[in-house]
Amino acid sequence: MKRPEQIVIIGFGPVAASLIEGLLPSAAAGDCELTVISAEEHLAYNRVMLAELAIGAAQFEHLLMVDAPRLVNAGVKLRLGAQATGVDRARRRVLIRGQEPVSYDRLVFATGARAMIPTLNGLNFDPHADAELPEGVFALRTMHDAQKLRSALAAERRVLILGGGILGIEAALAIAAAGGSPTLIHHGAAPLGRVVDADGGALLTRCLKQAGVEVISEVKATGITKDEHGFNALATSTHGQIPGGALLISTGVRARTELAEGCGLAVGRGIKTNQFLCADTEQRIYALGDCAEVDGQPPVGLLAPGWAQASWLAQHLSTDAELPAPDFSASDVLMLKGQGIEVAAAGDISAGFWDSPELQATMFADPATGRYLKIVTDNDVVTGFLSIGLPQTSAELILAYERGSALPQDRSTLLRLDDPAVDPASSVPSDEDQLCRCSGATYGQVTHSVSEGCTTVAQVGESCRAGTGCGGCKSKIEELLKKAPALA
């Protein structure tokens, strides 16, 4: 009788949870034995929703991404609260602090990423270790971080958010929605400086202020100051000391690669793998998700490609059949929703009106109503856009951008999609179009789930995983649920 293959997974985040889900049939059939080693004591949960957890808008069980009884019934061994300290590749075993080593036939690194701590006086910015941050200073990567933010809000402290990216903005909006006092601090001229132009950035800043977020731009932070209670101000060379009761750092993430590097694997911006996620020459070690540099491409920090990698690797580890070369490419569409702010952007919008005869730039601005649009096309095909306050127009542009389809010659007709008196028939997606950007679920898959009897967003998520990532597609799923009688 063939011995079950010993598969060990280091890390237990959303991508690891997806891989485990794909391997459960093989584990239940006795073809493999799964062991999961996680430094955290919790089951895998959705980190994207930590801000909602901190403000009380979600319960922890809503964030869980695995069903513990199913794992136990399939024989999955969970080593929670266990710190992997090394990998002995010669003996094929993972070393764990204070515990017996775990042997493997196949090893998967799903160690994810840690918050990037900026080089500021008063902070430990070791890039290869989890920083010991002072009281009142935290990122938002773990349950422990969410608890720190909740404590700061309960104490009615002014919360400074350092970083003007999408995660920093979403955290600031969540804090404002909970009645807190967030201050978004960033070094650029406007938040989301890499995707907005000057006019769009000015409008976004105004929208954030109207939502209750104080915005301080063009800041050069130099350090932090503390008192007997912990953090009390951010020191800057441009704005003096900015006082606050807590500092949430949102300045990016860095792949956790030190364990892989310590056992001789190649490391760059992540653990280097080939296109098949393999990190060694013996085809025993794999890496995926935020810790992996796949075929020269750095981690993108999105759930969608990580889940695609997990799905492919689960098939690869479960079958001897040769699989087609995988495609883990991710869309570069950025979406922000919260407190009435709707932003969508993609591609390059730097082209001006007269830069090139091949490129056409179209702009619309209505600052009084918080609406702004810039589109750049090449022979009528969208190469970049920024849309603020125009949700239906954004939906049409996202479809056109990802399909590579041409826009109407009269660009102004797109604006009518956000006129309540006009039926946006042209923006109706096809079954093949993507509805959930995190899971990759299509409109057709969600429609099928609804027609099969799903009546809630949670049930649809269990059926096809749509809506289980950032939550940005829940309103679309709810629209399809409302149409359920017509779909039956």
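This is a predicted model: local features need pLDDT of at least 70, side-chain atom pairs count only at pLDDT 80 or more; totals for chains, interfaces and linings use all residues.
Trainee: Let's start with burial. What makes Ile398 buried?

Mentor: Ile398 lies in helix H10, residues 391-403. Its relative accessible area is 6%, and buried means under 20%, so Ile398 counts as buried. Along the chain, Ile398 and Gln434 are 36 residues apart, and their C-alpha atoms are separated by 10.0 Å.

Trainee: How do you know that Leu407 is buried?

Mentor: By setting its value against the cut-off of under 20%: at 6% relative accessibility, Leu407 counts as buried. This residue is found in the loop between H10 and helix H11 (443-451).

Trainee: Which residues does Leu407 touch, not counting those up to four places away in sequence?

Mentor: They are Ile375, Thr377, Asp380, Val382, Leu397, Ala400 and Leu414. For Leu397, which is 10 residues away along the chain, the C-alpha separation from Leu407 is 8.4 Å.

Trainee: And what is buried in H11 itself?

Mentor: Tyr443, Gly444, Val446, Ser449 and Val450 are. Following H11 comes Gly453, with a positive phi near 115°.

Trainee: How do you know that the buried residues of H13 are on the same side of the helix?

Mentor: In H13, residues 474-482, the buried ones include Ile477, Leu480 and Leu481. They cover an arc of only 105° around the axis, which puts them on the same side of H13.

Trainee: What makes S13 and S14 a pair?

Mentor: Pairing calls for at least two bridges, and S13 and strand S14 (residues 230-236) have six, in the antiparallel sense. A hairpin of two residues links S13 to S14.

Trainee: How do you know that S11 and S12 pair as well?

Mentor: Three bridges join strand S11 (residues 181-185) to S12, against a requirement of at least two. The two strands run parallel, and Thr183 has Glu214 in S12 as its bridge partner.

Trainee: What makes S10 mostly covered?

Mentor: Four of its five residues are buried.

Trainee: Why is the pair Ser217 and His186 called a polar contact?

Mentor: Their side chains are joined at 3.0 Å, and the cut-off for such N or O pairs is within 3.5 Å, with one atom able to donate a hydrogen and the other to accept it, so the pair qualifies. Ser217 is found in the loop between strand S12 (214-216) and strand S13 (221-227). Leaving aside neighbours within four places in sequence, Ser217 is in contact with His186, Gly188, Ala189, Ala190 and His239.

Trainee: Finally, which residues have the most contacts inside the largest nonpolar core?

Mentor: Phe12, Leu107, Phe109 and Leu313 do, in a core of 57 residues. Helix H1 (residues 14-28) gives the largest share of this core, eight residues. Not counting residues up to four places away in sequence, Leu313 touches Leu19, Val108, Leu277, Tyr286 and Leu288.

Trainee: What makes the core with Leu173 a second one?

Mentor: It is separate: a core is a set of buried nonpolar residues joined through side-chain atoms within 4.5 Å. The second core has 48 residues, among them Leu173, Cys207, Ala211 and Ile341.

Note on methods
Residues are numbered from 1 along each chain as its sequence is written. Side-chain values use heavy atoms; hydrogens and water are left out. Buried means under 20% relative accessible area, exposed over 50%, partly exposed in between (1.4 Å probe, protein chains only). The arc is that of the directions from the helix axis to the C-beta atoms. Contact means heavy atoms within 4.5 Å.
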